[in-house]
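Please find below my notes on the model, as numbered points. They begin with charge and surface, then turn to fold, packing and confidence.

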Amino acid sequence: MNHEPTVNNPTEAHKFFETRLRFIISPTDVKASKPHMIDVREAMDFAQGHVPGARNLPEESWDTLAGLSRDQVNVVYGTSMTSQLADRACAFFASKGYSVMLMEGGYDAWKQLGEDTIEKGVRG
């Protein structure tokens, strides 16, 4: 998708960004709050490293809703800021009645917090 910068309606932009802020969370805030985490990357990528305590729910298993919580917000992440996988997962999970937020920057941003923040192995 190629977007050229264009002049937009400031009122619409304000509404968009105010709304957006309610649905994203930074890796630093995730680390501090330790919410319920859902990693939507492939199982192989998850096994090589993930946010501690995260559950792996790759795209081919989304319809199972396995590991999602109805009692708390599900913070979802994919690989990076440019991947839209986690955005699509959030839309899908929300359509099924789950409370979701997107971890901004994905696992790439999480890794920048340091090696001590990475858990390895399999967890479904």
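1. Charge. The protein chain carries 17 negative side chains and 13 positive ones. The centres of these two sets are 5 Å apart. Note that the model is predicted.

2. Surface and burial. About 7,800 Å² of the protein chain is accessible surface, and carbon and sulfur atoms contribute 53% of that area. Of the 124 residues in the protein chain, 39% are buried, where buried means under 20% relative accessible area.

3. Secondary structure. The protein chain contains 5 helices and 5 strands. Their order along the sequence is α-β-α-β-α-β-β-α-β-α.

4. Overall dimensions. The protein chain is as compact as a globular protein of its length, because its radius of gyration of 15 Å is close to the 14 Å that the globule rule gives for 124 residues. The C-alpha trace spans about 45 × 35 × 30 Å along its principal axes.

5. Contacts. Consider the contacts in the protein chain with a separation of 6 or more: 70% of them are between residues 24 or more positions apart.

6. Confidence. The mean pLDDT of the protein chain is 92, with 96% of residues at 70 or more. Where pLDDT is low, predicted coordinates should not be read in detail.

Definitions and conventions
Residues numbered from 1 in each chain as written. Predicted model: local features only at pLDDT ≥ 70, side-chain atom pairs only at ≥ 80, totals over all residues. Heavy atoms only, no water. Helix = DSSP H or I, 4+ residues; strand = E, 2+ residues; numbered from the N terminus. Rg over C-alpha atoms; globule rule 2.2 N^0.38 Å. Buried < 20%, exposed > 50% of the residue type's maximum accessible area, 1.4 Å probe, protein only. Contact = heavy atoms within 4.5 Å. Areas by Shrake-Rupley, 256 points an atom, 1.4 Å probe, with all protein chains shown as cover. Lys, Arg positive; Asp, Glu negative; His and termini not counted. Charge placed at Lys NZ, Arg CZ, Asp CG, Glu CD. pLDDT = per-residue confidence, 0-100.
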